Amino acid sequence: MENEEEVLATSNEPLDPNLHKKHISMIERLSNRHQTRLDNSLARQSESDSSSTTSTTTSTASFLSRFSDSKRSIDSQLAQSRLTDPAQLRSHLDSISASISDLEKLVAEASYFLPSYEVRSSLKTISDLKQTLENLNSELIPKKKFSFKNKASKQDRDRSVSDSKQTAPENADSFSVPLEKLSFQVRDSPGLRNKNGETLVKNFKGSEVGEFTVSDLDSCEVRLIGSVRALFVHRLKNCRVYAGPVTGSILIEGAEDCVFVMASHQIRIHNAKGTDFYLRVRSRPIIEDSTGVRFAPYCLSYEGIEEDLRDASLDEETGNWGNVDDFKWLRAVQSPNWAVLPENERVEMVKILNSGDGIEGN
């Protein structure tokens, strides 16, 4: 074929009829060969694209089927609420809340392959379910009624007022997100809870912990070595959290003046204020009802972290730490609620020592 192409390229002499026919035949053969090559190449590319598209489409279809089935079940439970025995009503509504929480977790874990409009549509559905549940709680669960007690003496009333004044400042200064306002249920899973001013270390290597919860901490430093499947964070103030890779999702509800160093396939942040996040994440981080949050790349090190990241499929930097979706900001311009953390303000590489009891670089 190469010799044929050369003859076509260099022959400039007049052609007799027989030679002209040969040239015409040669051109047709070359054209057919090139077309065959092109067709084969396009077929291979089409098969590759089709395989990738089919995989994504199948995953999305599977998610939508599970989501739809779960929603129908929750709708049915909500509809039964007014017919439920009052003695069982509280546990019935708690069960619905847990189902909605599971549904939200399903969305979080699938968000890295779902189209963005499917994520938004699913989260809108979940928001509507929560609102319906909140309305039922208000309607069906009676509030405590005020009851008059025996009339107190003036001295007792004065003592009561004095006591209330003394306790009020402590309550006013405390940071909390009311339990009923949480967008997902606090999990009854292994975790670190209700600590103040402590250094908390947990090593997951060699264990099979699925879900782990960090909640109600003030002025604490948390070091999580190794990986878990899911991490839930609730109501933290003035804390630093250094976490190894999470193979599934991280859900954060309520954080103020904190620093998080985390790696995960998906992370969702709700009600965070004045908090910095150093992330490695497979999908775009999601924030809601948050202000003054800043983002930078993951910067944690401990012995064996490279293997942990590789096992969690988080060994490659995606750059998604800086591609944040603010679901409460629908305008085309940049959301004012988050920013990229300036390099001169970022912490250096944080290294947790082998024992977990010491830390370097922060």
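Residues are called buried under 20% relative accessible area, exposed over 50% and partly exposed in between, with a 1.4 Å probe and protein chains only. The structure described here is a predicted model, in which local features need a pLDDT of at least 70 and side-chain atom pairs count only at pLDDT 80 or more, while totals for chains, interfaces and linings use all residues. Residues are numbered from 1 along each chain as its sequence is written, and side-chain values use heavy atoms, with hydrogens and water left out.

The confidence of the predictor in each residue is expressed as pLDDT, on a scale from 0 to 100. For the protein chain the average pLDDT is 78, and 69% of the residues score at least 70. In residues 1-12 the pLDDT is below 50, and this stretch has 15 contacts in the model beyond near neighbours in sequence, a contact being defined by heavy atoms within 4.5 Å. The pLDDT is also below 50 over residues 156-185, a stretch with 38 contacts beyond near neighbours in sequence. Where pLDDT is low, the predicted coordinates should not be read in detail.

The secondary structure of the protein chain comprises 6 helices and 15 strands; these elements are DSSP runs, numbered from the N terminus, with helices (H or I) of at least four residues and strands (E) of at least two. Of the 362 residues in the protein chain, 38% are buried. When contacts between residues at least 6 apart in sequence are considered, 46% of them join residues at least 24 apart.

Strand β4 (221-225) is mostly covered, 5 of its 5 residues being buried. In a regular strand the side chains alternate between the two faces of the sheet. In β4 both faces are covered, with E221, R223 and I225 buried on one side and V222 and L224 buried on the other. Strands are taken to pair if DSSP finds at least two bridges between them. By this criterion β4 pairs with β2 in the parallel sense over 5 bridges, and N203 stands opposite I225 of β4. Strand β4 also pairs in the parallel sense with strand β6 (residues 240-256), over 4 bridges, and here E221 stands opposite R240 in β6.

Strand β7 (residues 259-273) runs parallel to β8 and is joined to it by 6 bridges, with L279 in β8 as the bridge partner of M262. Strand β10 (residues 293-297) pairs with β8 in the parallel sense over 4 bridges, and F277 stands opposite F295 in β10.

The phi of D216 is near 55°, a positive value in a residue other than glycine, and D216 is partly exposed, with a relative accessible area of 26%. The phi of S219 is likewise near 55°, again positive in a residue other than glycine; S219 lies in the loop between β3 and β4 and counts as partly exposed at 33% relative accessibility. In the loop between β2 (199-203) and β3, E208 counts as exposed at 83% relative accessibility. E208 and R229 are separated by 21 residues in sequence and by 9.2 Å in space, C-alpha to C-alpha.

Rolling a probe the size of a water molecule over the atoms shows where empty space is left. On a 1 Å grid over the protein atoms alone, a cavity is a set of points where a 1.4 Å probe fits but cannot get out, and lining residues have an atom within 4 Å of a point; grid points are joined across faces, edges and corners, and the volume is the space filled by probe spheres set on the points. A search of the whole structure finds 1 cavity of 30 Å³ or more, and the largest cavity has a volume of about 30 Å³. The largest cavity is lined by E104, V107, A108, S111, V119, L123, Q266, R268 and I286. Two or more residues of this lining come from each of α3 (86-110), α4 (116-140) and β7, with the largest share, 3 residues, given by α3. By class, the lining has 5 nonpolar, 2 polar and 2 charged residues, where Ala, Val, Leu, Ile, Met, Phe, Trp, Tyr, Cys and Pro count as nonpolar, Asp, Glu, Lys and Arg as charged, and the others, Gly among them, as polar.

Methods:
On a 1 Å grid over the protein atoms alone, a cavity is a set of points where a 1.4 Å probe fits but cannot get out, and a pocket is an open set with protein on both sides within 12 Å along at least five of seven lines; lining residues have an atom within 4 Å of a point.
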